[in-house]
Amino acid sequence: MTTIRESDFIQSIADALQFISYYHPQDYLQALAAAYDAEQSPAARDAMAQILYNSRLCAEGQRPICQDTGSVVVFLKVGMAVRWDTAKSVQELVDAGVRRAYLHPDNVLRASIVAPPIGARRNTGDNTPAVVHVELVPGDQVTVRLAAKGGGSENKAKFAILNPSDNLVEWVLKTVPTLGAGWCPPGMLGIGIGGSAEKAMLLAKEALLGHIDIHELRARGPADPIEALRLELFEQVNALGIGAQGLGGLTTVLDVKILTYPTHAASLPVALIPNCAATRHLEFVLDGSGPAQLVPPSLEDWPAITWAPDRTARRVNLDTLTRADIADWRPGERLLLSGRLLTGRDAAHQRIAELLARGEPLHAGVDLSNRFIYYVGPVDPVRDEIVGPAGPTTATRMDKFTELMLSQTGLIGMIGKAERGPTTIASIKQHGAVYLTAVGGAAYLVSKAIRSARLVAFAELGMEAMRELIVEEMPVTVAVDSRGESVHHTGPTEWAARIKSQTVTLK
């Protein structure tokens with residue numbers, strides 16, 4: 001009988017979460033490098049280069065790939081002959097490993113979990129509790145499959161119960177464009193088909209833990225209907241032209257993974273969950289011999305792709321910028337920002353809205369007149385860092401606050417990731433403001449542009465507190481200009497048309 005010691009299990013969970021925070025899976029890197037080589041959209045190609053270069057920097061510096069270091073989900077297969085040397089529950093064991101990983105002093109990971117989910121929503125401080133699924137199986141080992149799932153992609157999960165006669169491909173092709181770009185493509189789609197409502201969602205999540213092998217499948221051809229369905233969806237989703245970061249291009253997904261389960265004759269449950277550019281997952285087996293041994297990849301395994309600021313990019317001094325200065329910026333234009341900007345996410349925007357509603361002044365240091373706000377919640381710094389990885393969060397969540405911010409604070413620009421909704425775009429146009437995007441999945445690279453950071457408001461919000469950053473040549477792209485034109489509309493529309501007209505070829 002195998003005995004799994006408490007200390008071995010906890011250490012293995014902690015080591016695995018640290019490992020995946022800074023090492024991309026090699027199958028993802030290879031697939032993204034191949035997509036980069038084939039890409040013909042300059043904007044998408046630049047975004048992929050930033051993601052790949054960021055990945056190498058993180059591997060070298062052992063720092064998080066993305067500032068959103070994810071919520072932890074664990075799938076355990078526990079052999080029924082296993083004996084546990086612990087008084088803790090499986091949930092307590094996993095949470096102890098998560099706590100150890102996320103508070104590691106050499107590589108602090110961002111705590112993003114809040115409790116309760118409704119009401120106070122206070123940060124738990126250590127990213128616990130994890131979401132744990134346990135299956136008892138024959139044998140005397142424990143197989144652990146875990147992932148750190150970013151909120152931007154998790155928020156795009158979709159579920160439907162179709163009629164058995166409905167066309168599943170049509171549903172997916174109708175659903176994917178509604179996801180927007182907040183899930184940071186290019187990534188993977190996990191699809192669960194069958195079972196019940198909850199089973200389909202679990203299948204979709206577990207599907208994302210599989211290896212990327214679509215190019216091998218294309219080379220040999222499908223062996224069964226599910227493989228044929230994977231190929232069809234891979235080709236048709238990429239033909240939508242959404243592209244990297246939603247900017248328009250040839251590759252939106254690097255793979256489509258499908259798991260199925262028998263279902264009721266009257267039902268066709270279908271779940272779709274995307275995985276982002278910060279793909280983080282790992283599998284290991286515990287057999288009682290000690291903690292899992294994780295072998296670091298060689299830096300030689302990373303694609304020889306680097307990134308440097310575009311020489312033709314417009315250099316912008318944020319400290320002297322006015323509304324008139326931004327009037328001639330155009331969608332898709334690349335900028336390098338230098339100077340002061342403020343940070344703020346959901347909770348900070350809510351606090352500002354409450355202060356303005358009560359007629360109270362904003363905190364000293366929160367002067368938004370002719371300023372830009374960056375939607376970010378950075379990782380805490382370690383060693384000599386100014387801040388930790390500091391990539392953008394999904395801007396769409398701030399849409400409800402945008403009119404208030406533009407009309408009452410003097411704000412002239414916002415920086416985030418993904419698209420803005422039509423009402424927000426109308427507000428941007430009305431006030432002659434702009435919206436810029438930074439690359440989601442390039443958080444460590446972005447942090448290299450930050451020269452100083454100081455807390456200015458709402459310290460109790462932790463990673464959501466407002467800070468003033470001084471940046472030097474921070475790379476961004478104009479997403480919505482002062483006329484209300486959005487690259488997240490024009491880019492995919494252009495590239496879908498080019499693909500359909502066969503002026504470009506998907507590889």
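A crossing of two helices is left-handed if the near helix is turned anticlockwise from the far one by less than a right angle, and right-handed if clockwise. The model is predicted: local features need pLDDT of at least 70, side-chain atom pairs count only at pLDDT 80 or more, and totals for chains, interfaces and linings use all residues. Residues are numbered from 1 along each chain as its sequence is written, and side-chain values use heavy atoms, with hydrogens and water left out.

**View 1. Crossing of helices H1 and H4.** H1 (residues 6–22) passes H4 (residues 90–102) with axes that come within 8 Å and cross at roughly 45°. Helices here are DSSP runs (H or I, at least four residues) and strands likewise (E, at least two), numbered from the N terminus. Axes are lines fitted to C-alpha atoms, for helices over the stretch in contact, with angles from 0 to 180 degrees between N-to-C directions. The crossing of H1 past H4 is right-handed. Residues making the contact (heavy atoms within 4.5 Å) include Phe9, Ile13 and Leu17 of H1 and Leu93, Val94 and Tyr102 of H4.

View 2. Thr69 sits in the loop between helix H3 (42–61) and strand S2 (71–79). At 2% relative accessibility, Thr69 counts as buried (under 20% relative accessible area; exposed is over 50%, partly exposed in between; 1.4 Å probe, protein chains only). Leaving aside neighbours within four places in sequence, the contacts of Thr69 are Pro64, Tyr102, Leu109, Arg110, Ala148, Arg280 and Val379.

**View 3. Residues 288–490.** Over this stretch the chain is 20% helix and 24% strand, and the end C-alpha atoms are 56 Å apart.
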